[in-house]
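I record what I looked up, entry by entry.

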Amino acid sequence: MSNLTEIRWHGRGGQGAKTAALLLADVAFQTGKYVQGFPEYGPERMGAPITAYNRISDTVIRAHSNIYDPQYVVVVDESLLEAVDVTSGLKKDGAILVNTQRSKEEIIPHLKGYEGKVYIIDAHKVSMATMGKYFPNTPMLAAIVKVAGIMEKDRFLKEMEASFKHKFAGKPEVIEGNMKALEMAFEEVQ
Amino acid sequence: MAKRDRLSGNEAVAIALRQINPDVFPAFPITPSTEIPQYFASFVANGQVDTEFIPVESEHSSMSAAIGASSAGARSLTATSSCGLAYMWEELYIAASNRLPLALALVNRALSGPININCDHSDSMGARDAGWIQMYAENNQEAYDNMVQAYRISEHKDVRLPIMICQDGFITSHAVENIELLEDEEVKNFVGEYAPENYLLNPECPMAVGPYSITDYYMEAKRNQAEGMKHAVQVVKDVAKEFAALSGREYGLFEEYRLDDAETAVVMIGSVAGTTKDAIDKLRDQGEKVGLLKIRLYRPFPAEEIAKALSHVKAVAIMDRAEGYSNQGGPLGADVMAALYRARSQALAVNYVYGLGGRDVRVEDMEGVFATLKQIAADGDAGEMYRYLGVRE
């Protein structure tokens, strides 16, 4: 079980945290891993806090519980730092990735004394620059792939292009922007 | 030949249905089963199947239309969850008593109220006496494999009963996991063409379906129906054997996990069985002799076989993801305890109600159940036989 990576996503309904978790499962599957990607729904409405999860492993995954002691936490919406105990159970040797326009120093005091690594990315900037609209999940996906070392950048971009071609078969015009967002996010995460 | 993929449980069942290419699929959406007809509708639109897809205005109508189609001689099915199944109640009995081999892809969800969209088994457990064959899955792979086997069981001439293929709402229906799919041709050949012996649209042999039955005949009709259910046990085994030859994946009436030499065991249905296997491996590493019996076929209920598989166990916990309001526990608890009594078992048995409305069950929770069973075995006393797991009191 030591090869198991567990990731917990915190987002708000409508931001695509669930979709990002499913896409992460998708790309990790392409590397030959066993994967799980699943959402936990609260009230089904825009803006409500939602949680999504990933398990990635070299061996068959059987557990069907939520994830309480993740190695990585992804915070898609900064306002959740106050609303939800995002660092709950987060492993010290893991990391938290926060979507914010603030600096790392400004974010750390809001992490309830979390001692592990902290990464930030301005997904708003990336999204607006590449897609002209605010879709935080695409940049967050690329950022966690880099932070968690899921796969190399070139391979990731190649797999995602194939995935987007399938997902956006009906609106191919959005693929370019999404690809640019992934590429830029890979560089922007710090 | 097998294709490795990663799919949600709903997508997996929809793909099985595309490969089966049924004749008629009436549907009305309800969370968390909605994606099944949604994916299937895209297969219809893309011309990948030639199924007659009928969007209806309610679940009462979707099951009615499936019954009408099946009576006419078509291979039909629908999908639903929770209150949708409840709204089909009348039709469930009609499908079974008319001996119509149609399928229902059920995605288990709690019944209202309070309103809740998450998993428990109260919907299908409430329908356990309706005369349908019921099969359950631990994960997306089993949901897919059960769907592929469904019509072979329900259409078998010794059975001729409708079949409910159940999976856990959200936990497996919306979780993307690894899966192995069969080739389209393999599924097509395995399922075969449907050639009903008697059907409404046969001008050579006019017949009535579902007419009034006077008291003088009604009981014989019901007795015949029970006979079909009795035969289903062997047919499920036979079909599983053929399926294993095709897929390499073996199924029985239930799965035994490290049960051979177990001193304590858990009996359960559905996705938490996977979590329980992790708990068992952990406890086995510590020298604890613990095991699992996971129900696949719940109706008909393989009571003798279950009692035999548990015959060496000192203490057993039967896990119900539904409350029965009998003040005695849940439906699975009642069935398993009756099976143990008939087999004159000496096992100490307790019945837990757990996971209602999606309440999460962790590996640690199941370790706790096994710790309780160990204590029960040591004391030689089951204590309170009707318990709750993971509830705030």
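**Helix packing in chain B**

I looked up helix 3 (residues 59-72) of chain B and helix 5 (residues 89-97) of chain B, whose axes come within 9 Å and cross at roughly 15°. The model is predicted, so I note that local features need pLDDT of at least 70 and side-chain atom pairs pLDDT 80 or more, while totals for chains, interfaces and linings use all residues. Residues are numbered from 1 along each chain as its sequence is written, and chains are lettered from A and ligands numbered from 1 in the order in which they are written.

The crossing angle makes helix 3 of chain B roughly parallel to helix 5 of chain B. For the terms, I note that axes are lines fitted to C-alpha atoms, for helices over the stretch in contact, with angles from 0 to 180 degrees between N-to-C directions. Angles under 35 degrees count as roughly parallel, over 145 as roughly antiparallel, 65 to 115 as roughly perpendicular and the rest as oblique. Helices (H or I, at least four residues) and strands (E, at least two) are DSSP runs, numbered from the N terminus.

I recorded the crossing of helix 3 of chain B and helix 5 of chain B as left-handed (the near helix is turned anticlockwise from the far one by less than a right angle; clockwise is right-handed). Helix 3 of chain B contributes H60(B), M63(B), S64(B) and I67(B) to the contact, and helix 5 of chain B contributes E91(B), L92(B), I94(B) and A95(B) (contact: C-beta atoms, placed from the backbone, within 7 Å).

**Helix packing in chain A**

I then turned to helix 4 (residues 123-131) of chain A and helix 5 (residues 137-147) of chain A, whose axes come within 8 Å and cross at roughly 120°. That angle makes helix 4 of chain A oblique to helix 5 of chain A. Their crossing is right-handed. The contact is formed by A123(A), V126(A) and S127(A) of helix 4 of chain A with T138(A), P139(A) and M140(A) of helix 5 of chain A.

**Contact between the chains**

I found 18 residues from chain A and 19 residues from chain B in the contact. On the side of chain A that touches chain B, helix 1 (17-30) and strand 2 (34-40) of chain A each supply at least two residues. Strand 2 of chain A gives the most, with six residues.

I also checked strand pairing here: strand 2 of chain A and strand 8 (residues 176-181) of chain B pair in the antiparallel sense over two bridges (pairing requires that DSSP finds at least two bridges). G37(A) stands opposite V176(B) in strand 8 of chain B.

**Domains of chain B**

I noted that chain B is divided into domain 1 (3-247) and domain 2 (254-388), with bounds from an automatic or database domain assignment. The centres of these domains, taken over C-alpha atoms, are separated by 28 Å. Their contact takes 25 residues from domain 1 of chain B and 21 residues from domain 2 of chain B.

**A sheet in chain B**

I looked up an open sheet of five strands with the order 4-5-7-6-12 (chain B) and mixed pairing. Its edge strands are strand 4 (77-80) and strand 12 (297-299) of chain B, each pairing on one side only. Strand 4 of chain B and strand 5 (residues 103-108) of chain B run parallel and are joined by four bridges. A79(B) stands opposite A105(B) in strand 5 of chain B.

Notes. Contact = placed C-beta atoms within 7 Å.
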